[in-house]
Amino acid sequence: MKNQAKYKLFYIVSVLFWIVTAISAYTTYNKGKDAIYTEMSINMQQAEIEDYNWRLNNTRHTTLYSNLDTIYVDSISLESINGYKTYYFDATIPMSEAIRLITQYTLATGETTRQINPDEFDSLFHEKLSSHIHVQQTGIIYRFKDKVQYSRNDSTSFLKNAFMSEERVLDVQKVVRVQGWAKVGLIGILLASSTPMLITTACLFLLAIALTLYLILKETKGVPLEEEGWTLYSGLKYQLAQNKLFIEGEEITIRPAELKLLHLFVMHPKHELSKEDIAHEFWPKEDAPENKIYNHISTLKGIFKGFANYDIKRKGNLYQLNAPNYNKRGYQRLWNAIVARLKALRII
């Protein structure tokens, strides 16, 4: 009873560990996703600034606006061929940002200026994001008015489970937009979460696995293995169809009835049999075949005489097969048990 209570306790603890592990993994997964979105937003902004500065420095006829002596502005009037043009902003913003918004529009619309190249922008974005996140693939969606361009002309990959950044408006007229996307695997998402949370989840997972394996081994302890038509149990190897028996590697001559009785002991829980169990298997229609039962038990005991580790002993009204506890094949018992459960679940 104590062993059953202990086993039940381990089972409950194992289930609780799996529940806690699942909750922890779910939380870690969501934290990782939040971290990826945050990192994408930061890296998109950094890539935008680098791309802007590079295009500005490589444009021959770009007008650099100067003599703007206010720090924050809500509008800017600039001289053009057709006179002064005033640009209005949604709010008061730093002058440097105002200049950048106007210049982005100029770069995108001017015939002699350099427009955004989605491939080059994506190279900057990928380089920055991959230094923080384990990404599989990144891309850029560039929109200018009604025109849409994709990095590497890839207009489909981001449609399948990709992380999408917020669309960034780059210019004062709100006609130049860029949006980044990234594909990140499950491992990458988990690694993006905080290190303490990831370590906690990993430890819980390992503990849950350890408890589960322990329970499977306990449950399958004493259960024989089947291997290419042979039954193996604690140094016994036999085949009913061929009436062959090996004990610790030594072939033993045995009659079919005694081998069948041995098999009955091996397959029965705790390897214990009552007279009724034996009678039901061998002589189901006879009332009291005690002499026959005793003769078969005695013959089987005689077979074990040359092997000190094997015997048939009487326990009250039961007979029990005693055999050495070999743990060398624990991994095979474990594997068989796992395979049996996967088959039961129709996974394999």
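Colleague: How exposed is K174, buried, partly exposed or exposed?

Modeller: Buried means under 20% relative accessible area, exposed over 50%, and partly exposed in between, with a 1.4 Å probe and protein chains only. K174 is partly exposed, at a relative accessible area of 38%. This is a predicted model, where local features need pLDDT of at least 70 and side-chain atom pairs count only at pLDDT 80 or more, while totals for chains, interfaces and linings use all residues. Side-chain values use heavy atoms, without hydrogens and water, and residues are numbered from 1 along each chain as its sequence is written.

Colleague: Which residue forms a salt bridge with K174?

Modeller: Side chains of opposite charge can pair when their charged atoms come close. A salt bridge is a side-chain nitrogen of Lys or Arg within 4 Å of a carboxyl oxygen of Asp or Glu. Here D90 pairs with K174, the closest N and O atoms being 2.7 Å apart. D90 is in strand 2 (residues 83-94) and K174 in the loop between strand 6 (168-169) and strand 7 (176-184), 84 residues apart. Helices (H or I, at least four residues) and strands (E, at least two) are DSSP runs, numbered from the N terminus. D90 counts as exposed, at 70% relative accessibility.

Colleague: Where do R55 and D51 lie?

Modeller: Both are in helix 1 (residues 2-57); because R55 and D51 are four residues apart there, about one helical turn separates them. Their salt bridge has its closest N and O atoms 2.7 Å apart, and both R55 and D51 are buried.

Colleague: How many salt bridges does a search of the whole structure find?

Modeller: The search finds 13.
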